[in-house]
Amino acid sequence: MQKNIKKILLIVLIGVLLIPMIQKIIGFAETEDLDGYFVETKNPELSWDKWIDGTYQTNVNQFTEENIGLRNILVRLHNQISYSIFNEANAAGVVIGKNNILFEKGYIDAYFGRDFIGKDSINNKADKLQFINECLNNEGVKLLVVFAPGKASFFPESIPEKYKSDTLSITNHEYWLKACKDRGIPFIDLNSLFPLIKDTATYPLYPEYGIHWSFYGMALGMDSILNYSSKMLGKECRHLKWNKIEIPDTLRKPDYDIAKGMNLLWQLGYKKMPYPVFEFNNNDSLYHPKVISIADSYYWQVISAGINRRVFDMGGFWFYYKDAYTNDGYKKVKDIKVVEELEKQDIVLLMATEATLHKFAFGFIEDVYEKYKNKIDKEKTASNKEQEVNKIIRSILDSEQWKKSIEKKAKEKNVTFEEMLKLDAEYMYSQQNK
Amino acid sequence: MVFSSSIFLLYFLPLFLVLYYFSDRSFKNTVLLIASIFFYTWGEPWFVFILMTSTFLDFFIVRALYQSKTKKQKKIFLALSVSTNLGLLIFFKYANFFVENVNTIIGSFGMDELEWTKIALPIGISFYTFQTLTYSIDIYRGKHKPLNNVFDYIMYIMMFPQLIAGPIVRFNEIADQITNRQDKETLDNKLTGFYRFVIGLSKKVLIANVVGQKADEIFALSNNDLSTSLAWIGILAYAIQIYFDFAGYSDMAIGIGRMIGFKFPENFNNSYISQNISEFWRRWHITLGRWMKDYLYIPLGGNKVQSKFRLYFNLWFVFLVSGLWHGAAWNFVIWGAFHGFFLILDRLFLLKFYSFIGKWPSILITFIITLVGWVIFRADSFDQIVFYTEKMFSWTESNTSILFSNQFWTILTVGLLFSFLTAFGFGLKIENFFFNRDKYNVSTNIILSIIVIILLTISISSITSSGFNPFIYFRF
């Protein structure tokens with residue numbers, strides 16, 4: 001009897017080692033995929049060279065590690081242990097704050113100015129942005145900078161002690177505010193506004209487990225932006241209206257996105273969140289501004305709420321100034337005639353939160369500045385040419401001999417005297433400017 | 001293939017065990033040999049040919065040694081076997097080191113450096129060499145008859161549980177088990193072997209790996225960034241990492257060995273509770289210490305030499321070689337000399353001093369000496385040895401902020417607790433229960449199996465998660 005029990009125990013123990021392999025073959029107990037961004041290893045191909053130099057074995061080791069049976073459960077178990085026992089998250093840059101608030105470390109670094117790119121750098125960018133602003137204004141387009149709220153600025157009291165700094169450095173947000181004020185660049189500072197209305201807001205402006213503002217927070221933020229837009233354009237634009245706020249039992253995307261990326265076994269307990277139900281009236285006579293938004297991921301909620309389609313006039317979204325979501329579908333920004341497109345708008349909206357301000361406005365400023373500079377230089381060159389050619393024409397007309405020579409050439413080439421005069425003057429200009 | 005990888009734990013090991021247990025007795029060595037060749041080939045697809053050829057030749061050289069009639073002939077064959085095996089070790093492990101040093105010297109005289117293509121160090125070559133040496137020397141000394149079957153010999157040398165990280169299993173300790181281990185292939189041994197394997201795996205994965213990350217981070221700091229407190233945290237973390245890593249690996253090897261009927265010698269015995277450095281070397285990497293004693297120290301004359309100077313020279317020489325065995329770099333030589341120095345001091349006066357101050361202060365002083373030794377062992381350069389040791393004892397601070405997680409502190413504390421637990425009577429009892437019992441009753445087996453399944457699952461989850469640290473939100 002004792003022997004049999006021991007035999008069973010040995011079979012069970014070896015069986016435990018075999019379970020993942022059997023699961024991989026049979027496919028029982030399939031579980032939800034892991035969340036987050038990671039690079040997957042491809043199944044390696046066997047060749048003699050790869051075997052001898054060991055790359056095949058290394059790749060198989062890596063591939064096996066990523067593809068063992070029940071891996072999702074095992075990873076979730078590991079993460080759950082880290083979270084439940086050590087209060088730690090196994091996801092890149094996730095920080096577990098006080099009062100169950102989850103942060104991304106980039107927000108905390110930005111809040112304490114650890115990612116400050118320097119005054120010179122911001123001044124340089126702001127100068128270029130001011131130039132862009134003037135160029136756009138000349139075409140009747142308004143530029144609006146929006147500082148979206150950041151989670152660390154919103155919940156500074158929940159930042160864990162070990163992530164705090166003894167000395168506070170100037171932040172990108174603070175210096176960008178100053179730079180915009182000094183240069184008269186229009187802006188809305190939701191990052192400063194949200195903490196001020198945090199205690200008086202009817203509903204939470206930020207979720208505990210999400211990276212971004214709450215749906216309600218986004219609605220308030222967009223309402224401010226629309227009001228400001230009306231003032232800027234001098235026209236009454238459409239407003240955001242909601243008469244109903246749903247408070248469902250489950251959290252909607254993206255209010256749980258940090259926690260989801262932690263890949264835990266069990267869902268964290270959460271407070272219910274409000275989701276305003278917008279009313280869009282397509283028949284009102286209010287103005288639908290044409291808006292292009294160059295923004296970080298905070299703008300996705302604006303898109304998912306339909307605001308860009310229903311309040312703006314089918315506004316485009318150039319995500320990180322790289323991927324463009326336009327009326328014509330998805331494009332790469334580099335494939336778009338940027339200046340032409342910008343000049344068709346009423347408003348160009350640049351939005352970034354504190355964690356992404358160190359790379360504001362994601363290449364837009366540098367690129368558009370260069371484009372406008374080139375355009376102006378070309379215009380200047382064209383205007384100079386015209387003046388010079390006219391000067392030459394006047395010189396030709398002042399000389400009888402030269403005039404006769406032109407008349408002769410015109411007869412020979414069978415063109416009018418005026419045409420030949422211009423051709424000759426342009427030829428001379430090109431020779432002078434070789 | 002390392003033991004703490006999914007491919008070993010979830011594919012190689014269970015498939016090998018199933019095949020091994022279901023094989024006829026006469027095929028078990030063949031199964032073990034094939035598995036061992038595959039195991040080694042996975043990591044060393046090229047060197048395996050050299051290793052097998054040299055082992056094959058060595059078998060016949062030693063057979064000739066055994067069959068030789070005269071002492072002179074025996075010596076010739078012994079010299080041939082030893083020089084073949086040591087030659088491989090010297091070439092593959094120390095040639096780069098030798099050429100680098102020669103180039104440094106001739107470079108300082110303004111001469112052109114020697115052209116040299118660096119040789120990759122084959123996995124486990126140090127352990128392989130020491131085991132082959134025990135075979136020829138034990139046969140020469142008449143401690144045991146040689147094996148009859150060349151494949152049994154290759155199996156002994158290449159046996160996967162202990163080939164790449166020990167313990168160093170001397171031929172005379174295991175010779176009989178190679179040909180007949182029926183009496184040791186019991187259910188109790190299989191179960192206790194499994195328990196031992198999982199305990200070793202947990203030591204490696206759940207303790208050593210966790211503290212090792214921070215040790216690496218701290219040892220990467222420059223002189224200006226390192227503070228006294230960080231230096232102590234770093235070296236404590238490294239001490240726990242190296243102990244639990246190496247002892248854990250030995251536990252895994254001993255455990256697998258026991259599961260297939262072998263009884264490998266113990267390699268660690270609570271090293272950090274040593275009350276002097278001489279004792280430390282009876283508790284740390286025991287099989288290496290014993291090897292050095294029996295195959296180097298005693299042939300040099302051991303304790304039975306006429307002058308104390310010669311005795312101290314022998315001790316120091318053995319430790320220099322021991323240091324060099326760990327790696328072809330000067331810091332290992334210095335580390336060996338450092339330990340040899342304290343061994344001599346032990347004999348001169350330290351042992352008397354320790355017995356005067358008592359157990360706990362002796363353990364503390366010995367542990368601090370060991371930690372300084374680990375600085376030498378772990379450092380990347382001579383400069384780092386100097387500045388790191390200076391920082392440890394100079395009480396300076398820096399502005400460097402390293403974030404220590406709750407997990408790190410907890411695991412470091414657990415590691416230190418386990419390291420010193422057996423200095424207490426109750427700790428020794430706990431250890432005897434888990435490590436020194438050959439069998440348990442059924443109810444204890446059930447409880448231990450449950451504990452082992454939990455530890456195994458947590459360890460595998462940790463291994464498979466180690467490379468999984470995704471970006472929640474991937475920005476460009």
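**Ground rules**

Residues count from 1 along each chain as its sequence is written, and chains are lettered from A, with ligands numbered from 1, in the order in which they are written. Since I'm on a predicted model, local features need pLDDT of at least 70 and side-chain atom pairs count only at pLDDT 80 or more, while totals for chains, interfaces and linings use all residues.

**Entry 1: chain A overall**

I looked up the secondary structure and got 17 helices and eleven strands for chain A. Helices here are DSSP runs of H or I with at least four residues, strands are E runs of at least two, and numbering goes from the N terminus.

Next I checked the radius of gyration (over C-alpha atoms; the globule rule is 2.2 Å times the number of residues to the power 0.38). Chain A has 32 Å, whereas a compact globule of 434 residues would be near 22 Å. Its C-alpha atoms fill a box of roughly 130 × 70 × 50 Å along the principal axes.

For burial, I count C-beta atoms placed from the backbone: 20 or more others within 10 Å is buried, 12 or fewer is exposed, and in between is partly exposed. By that count 37% of the 434 residues of chain A are buried.

Contacts mean C-beta atoms, placed from the backbone, within 7 Å. Of the chain A contacts between residues at least 6 apart in sequence, 74% join residues at least 24 apart.

**Entry 2: chain B overall**

Chain B has 19 helices and zero strands. The C-alpha box is roughly 70 × 65 × 60 Å along the principal axes. I find 44% of the 476 residues buried. For contacts at least 6 apart in sequence within chain B, 74% join residues at least 24 apart.

**Entry 3: where A meets B**

The contact takes 51 residues from chain A and 44 residues from chain B. On the chain B side, the elements giving two or more residues are H1 (6–22), H9, H17 (406–420) and H19 (442–465). H19(B) gives the largest share, 13 residues. I sorted that side by class (Ala, Val, Leu, Ile, Met, Phe, Trp, Tyr, Cys and Pro nonpolar; Asp, Glu, Lys and Arg charged; the others, Gly among them, polar). That side of chain B divides into 29 nonpolar, 14 polar and one charged.

The axes of H1(A), residues 2–26, and H9(B), residues 187–219, come within 10 Å and cross at roughly 35 degrees. Axes are lines fitted to C-alpha atoms, for helices over the stretch in contact, with angles from 0 to 180 degrees between N-to-C directions. H1(A) passes H9(B) in a left-handed crossing, meaning the near helix is turned anticlockwise from the far one by less than a right angle (clockwise would be right-handed). Among the residues making the contact are Leu9(A), Leu10(A) and Leu13(A) from H1(A) and Leu191(B) and Phe194(B) from H9(B). By class I get six nonpolar, no polar and four charged residues.

**Entry 4: H9 against H19 in chain B**

The axes of H9(B) and H19(B) come within 9 Å and cross at roughly 35 degrees. This crossing is left-handed. The residues in contact include Leu191(B), Phe194(B) and Tyr195(B) of H9(B) and Leu448(B), Val452(B) and Leu455(B) of H19(B).

**Entry 5: two helix lengths**

The expected span is 1.5 Å times one less than the number of residues. The 20 residues of H15(B), 359–378, should span 28 Å, and the end C-alpha atoms are 28 Å apart, which agrees. Buried residues in H15(B) include Phe367(B), Gly373(B) and Arg378(B). Their cover includes H9, H10 (228–259), H11 (277–283), H14 (330–357) and H16 (382–392) of chain B.

H10(A), with 19 residues at 215–233, should span 27 Å, and its end C-alpha atoms are 26 Å apart, which agrees. Its buried residues include Phe215(A), Tyr216(A) and Ser229(A). Just after H10(A), Gly234(A) has a positive phi of about 70 degrees.

**Entry 6: Pro254(A)**

Pro254(A) sits in the loop between E5 (242–246) and H11 (257–261) of chain A. Why does Pro254(A) count as buried? Because Pro254(A) has 21 C-beta neighbours inside 10 Å. Leaving out residues up to four places away in sequence, Pro254(A) touches Gly210(A), Ile211(A) and His212(A).

Definitions and conventions
Two residues are in contact if their C-beta atoms, placed from the backbone, lie within 7 Å.
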